[in-house]
Amino acid sequence: MPATKTAVKSVLNESKQIERAAMLIEMGARMQVLESETTLSYERLIRLYKEISGKSPSKGQLPFSTDWFLTWQENVHSSLFLNIYEYLSKGVELDTAEQLTKAYRLYAEQIKAAELDVLLSFTRAWRLVKFVDAQMLTRTPCSVCKGQFVTEPYENARHYQCGLCNPPARAGKSKAAGSLMLH
C-alpha cells in the first residue's frame, strides 16, 4: 500500500506509518525520504528520528545530480542495486518502500560478502529509483558481458560497454581496502 497524504486517520494506519518510518530511519533515510514515503507530519518524523537515531536529522538538500551514479565504481554499485530492485518488482507484490528496503538489504549483503565497502547509501538508492522513474536514468545492456548497467537514457545501447568490461585508465588501481580491484 503506497503512502498517500489523503490516507484515512486511524490508529492502525498511524501505527503502520510509524513502523515504516522507523524502518526507513534505521536504514539511514534522510528526512526528505521519510516525508515522501510516509503520511506522518514533519514534526512527528523529527521526534521519531531523534528517538531512534539519538540525534537530529541531517540538514540540507539531497543530491540532485545523476552524475554520481555514472562514475566508474559508483556505477557498478548502483547497477547492482537497481538490478536487484527491478528483479524484486517482477517476483513479489511489494509497495515501493518495501521493495526499496528489501533490495537495499540484498545489495548491502552482496557487497559485504565480496568484502567491499557499501558506496550506495539508502537515500542515494531511493534517489536512483526516483531518477529511473522520471526517465533521467535507465539501464542499458553491456554489448560485451550483457549485464544491465545504469546509464543516461540516450546511451547508444549497440556500442555501450560497462565499466567492468572497459574500465577507465585509473579504475581499480586504488589500494584502499573495500574498493573494487581489477586484475
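# Close-up views of a predicted model

**View 1. R124 lies over the face of W68, 4.4 Å from the ring centre.** A charge counts as sitting over a ring if NZ of Lys or CZ of Arg is within 6 Å of the ring centre and within 35 degrees of the ring normal. The structure is a predicted model, in which local features need pLDDT of at least 70, side-chain atom pairs count only at pLDDT 80 or more, and totals for chains, interfaces and linings use all residues. Residues are numbered from 1 along each chain as its sequence is written, and side-chain values use heavy atoms, with hydrogens and water left out.

**View 2. Y104 and F122 form an edge-to-face aromatic pair.** Rings of Phe, Tyr and Trp (its six-membered ring) pair if their centres lie within 6.5 Å; planes under 30 degrees apart are stacked, over 60 edge-to-face, and the rest tilted. By this rule there are 7 aromatic pairs. For Y104 and F122, the centres are 5.5 Å apart and the planes are at 90°. Y104 belongs to helix α5 (residues 96-113) and F122 to helix α6 (residues 122-133), so the pair ties together parts 18 residues apart in sequence. Helices (H or I, at least four residues) and strands (E, at least two) are DSSP runs, numbered from the N terminus. Y104 is buried at 11% relative accessible area, and F122 is buried at 1%. Buried means under 20% relative accessible area, exposed over 50%, and partly exposed in between (1.4 Å probe, protein chains only). Both rings are part of one aromatic cluster formed by F81, Y85, Y104, Y107 and F122.

**View 3. Helix α1 packs its buried residues against other helices.** The helix covers residues 11-27, and its end C-alpha atoms are 24 Å apart. The buried residues of α1 are N13, Q17, R20, A21, A22, L24, I25 and M27. They pack against α2 (31-37), α3 (42-53), α5 and α6, where contact means heavy atoms within 4.5 Å. Just after α1, G28 has a positive phi of about 100°.

**View 4. Q135 and K146 have positive phi although Q135 is not a glycine and K146 is not a glycine.** The phi of Q135 is about 60°, and this residue lies in the loop between α6 and β1 (138-141). Q135 is exposed, with a relative accessible area of 65%. K146 has a phi of about 70° and is placed in the loop between β1 and β2 (148-151). K146 is exposed too, at 58%.

**View 5. UniProt lists C142, C145, C162 and C165 under "binding site" in an unreviewed entry.** UniProt positions are given in the numbering used here, feature names are shortened, and annotations may be inferred rather than shown by experiment. The four residues are spread over 24 residues of sequence but cluster in space, with a largest C-alpha distance of 8.2 Å. C145 lies in the loop between β1 and β2 and is partly exposed, with a relative accessible area of 41%. Not counting residues up to four places away in sequence, C145 touches C162 and C165. C162, in the segment after β2, is buried, with a relative accessible area of 0%. With the same exclusion of residues up to four places away in sequence, C162 touches C142, C145 and F149.

Methods: Expected span 1.5 Å × (residues − 1).
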